[in-house]
Amino acid sequence: MTALRSLWLKLHRWLALGLGWVLVLAGLTGALLVVAQPLDRRLHAEWFTAPAPTGAAAPVAPVALAPLYAQLRQEFGPQATVSFRLPQQQGDSLWATVRGSWNGTLYLNPWTGQEQGRRGATEGFANTLFKLHSSLLLESTGKAILAWVALAYLVLLLTGLVLWWPRHWAQAWRVELRKNLARSLFDLHRVGGAALGLLLAVSVATGAYMAWRPLGGVINAFTGARTVEPPKLPKLQVTPETLPSVDTLRDTAQHALPEGQLRMLQLPAAPTKAVRVRFLVPGEPHPNGVSSVWMDPRTGQVLAVRRWNEVDPGAAAVAFIYPLHTGALGGWLLETAVALGGLVMAGLGVSGLWLWWHRRQARHRARAHAQAQRMRAPS
C-alpha cells in the first residue's frame with residue numbers, strides 16, 4: 001500500500017512540476033480576462049461605442065457593407081479574409097476583423113461607415129491576454145498543448161484525490177492555520193484541491209474543448225454521429241461576371257432565417273468557399289450565436305440553414321460550452337465564480353511548487369547536517 005501511494009505521489013508531483021505552469025498561466029489569465037475585457041471596452045469607448053445621431057432611431061441594419069468591404073480588400077489585399085461583426089445592441093460599433101497581411105480589428109461607425117480606430121490581434125493588454133489564455137501565443141500548436149494539459153489536469157485531480165482520501169473523515173476538511181506556513185499551505189492545497197477540483201475540471205475541460213476543435217470529433221465518434229461539414233460549392237458551367245454584393249448576401253441570409261438576429265458575416269478571401277452568416281435564434285444559449293446560413297458567394301444561393309441544435313453533437317456542444325466557460329451562461333454570479341476558479345487553480349499550482357521546493361530544501365539541509373555530523377564523529 002505504501003509503495004502504491006508513493007507511485008501516486010510521484011505521478012502527481014512530476015506531472016504538476018512539468019505541466020503545472022501552464023495551468024497556473026491559464027488560471028491567472030482566465031481570471032484576469034473576466035475583468036480585463038469589460039475594462040477594455042470602458043477604457044476604449046471611442047472604439048466600441050457609436051452613439052446614434054440625435055433624433056435617429058436604432059438602425060435595423062448597419063450602413064451598406066459593400067463599400068466597406070471593397071475598401072478593406074483594397075487596403076489589405078485580395079487574399080485577406082474579412083468578418084463583419086454587427087452591432088449587438090444599440091450604441092455598439094461595427095467590427096471588421098481582418099486576417100491577411102495584417103491581422104486585427106477595425107471599429108467602424110454603423111451609421112456612417114467611418115473608421116473609429118483599429119487594433120492588431122495582439123495589440124493591447126486585453127488582446128494579448130486573450131491570445132495567451134486561448135493559445136499560449138502559439139496559434140494551433142498552443143491550442144493542442146492546452147488540450148493535452150487539460151488531460152494532465154484530470155490525472156492530477158485523480159491522483160490528488162487518492163492522496164487526500166482520508167482514513168478518518170472527521171479530519172478530512174481540517175485546515176491548520178496556526179502553525180507554520182508550510183503546514184498551512186499543505187492543508188489549503190490538499191483541502192482546496194479536493195473541494196474544488198471537480199469544479200475546476202469543468203473550466204479546464206470546456207477551455208480545452210474550445211481551444212482544440214478535434215475534440216468535437218471525439219464526441220461525435222462516441223455518440224456515433226456524423227460530423228456535419230461546411231457545405232461545398234456546387235460546380236458552375238459558367239462563372240458569373242458579377243458577384244452578389246455583401247449586402248445582398250446579408251439580406252438573403254436574413255430572409256432564410258427570419259427569426260434570427262444577425263450577428264456576423266464571415267467572408268472568404270476568394271469565392272471558392274462558402275460564406276457563413278451567423279445568427280442568434282430564440283432559445284440559443286451561445287451569446288454570439290452559432291446558428292448559420294451558408295451561401296454560395298458566386299450566386300448568392302443558400303446552401304444550408306443550420307440552427308445551433310441541428311448540427312452534430314460535437315458542434316452543438318459549443319453553444320453551451322462557450323458561455324459555461326466564460327460565465328456568460330449564469331450572468332455576473334457565474335462570471336465571478338469563473339474568476340475565482342482561475343485564481344484557485346493558480347493558487348494550487350503555486351502552493352504545490354512552493355511545498356515541493358520547501359521539502360527539497362529541507363531534505364538538502366538534513367543531508368548536509370548528517371554529513372557534517374559524520375565528519376565530526378571520531379574515527
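**Close-up views of a predicted model**

**View 1. Helices α1 and α5 cross at roughly 145°.** In this predicted model, α1 covers residues 2-43 and α5 covers residues 139-164. Their axes come within 9 Å. The crossing of α1 past α5 is left-handed.

**View 2. Side-by-side residues of α1 and α5 make the contact.** On α1, the contact residues are Arg 5, Trp 8, Leu 9, Leu 11, His 12, Leu 15, Ala 16, Leu 19, Val 22 and Leu 23. On α5, they are Leu 146, Val 149, Ala 152, Tyr 153, Val 155, Leu 156, Leu 158, Thr 159, Gly 160, Val 162 and Leu 163. By class, the contact of α1 with α5 holds 17 nonpolar residues, three polar and one charged.

**View 3. The second largest pocket holds about 1100 Å³ of space.** Its lining counts 43 residues. Nearest the centre of this pocket lie His 12, Leu 163, His 189, Arg 190 and Gly 352.

**View 4. Helices α1, α5, α6 and α11 contribute to the lining of the second largest pocket.** Each of these helices supplies at least two lining residues. Helix α6 spans 181-211, and α11 spans 331-376. The lining is made up of 24 nonpolar, ten polar and nine charged residues.

**View 5. The whole protein, for context, contains eleven helices and eight strands.** The C-alpha trace spans about 100 × 50 × 40 Å along its principal axes. The radius of gyration is 27 Å, whereas a compact globule of 379 residues would have one near 21 Å.

Notes:
Residues numbered from 1 in each chain as written. Predicted model: local features only at pLDDT ≥ 70, side-chain atom pairs only at ≥ 80, totals over all residues. Heavy atoms only, no water. Axes fitted to C-alpha atoms, helices over the stretch in contact; angles between N-to-C directions. Helix = DSSP H or I, 4+ residues; strand = E, 2+ residues; numbered from the N terminus. Left-handed = near helix turned anticlockwise from the far one by under 90°. Contact = heavy atoms within 4.5 Å. Nonpolar A, V, L, I, M, F, W, Y, C, P; charged D, E, K, R; others polar. 1 Å grid on protein atoms, 1.4 Å probe; cavity = no way out; pocket = protein on both sides within 12 Å on 5 of 7 lines; lining within 4 Å. Points joined across faces, edges and corners; volume = space filled by probe spheres on them. Rg over C-alpha atoms; globule rule 2.2 N^0.38 Å.
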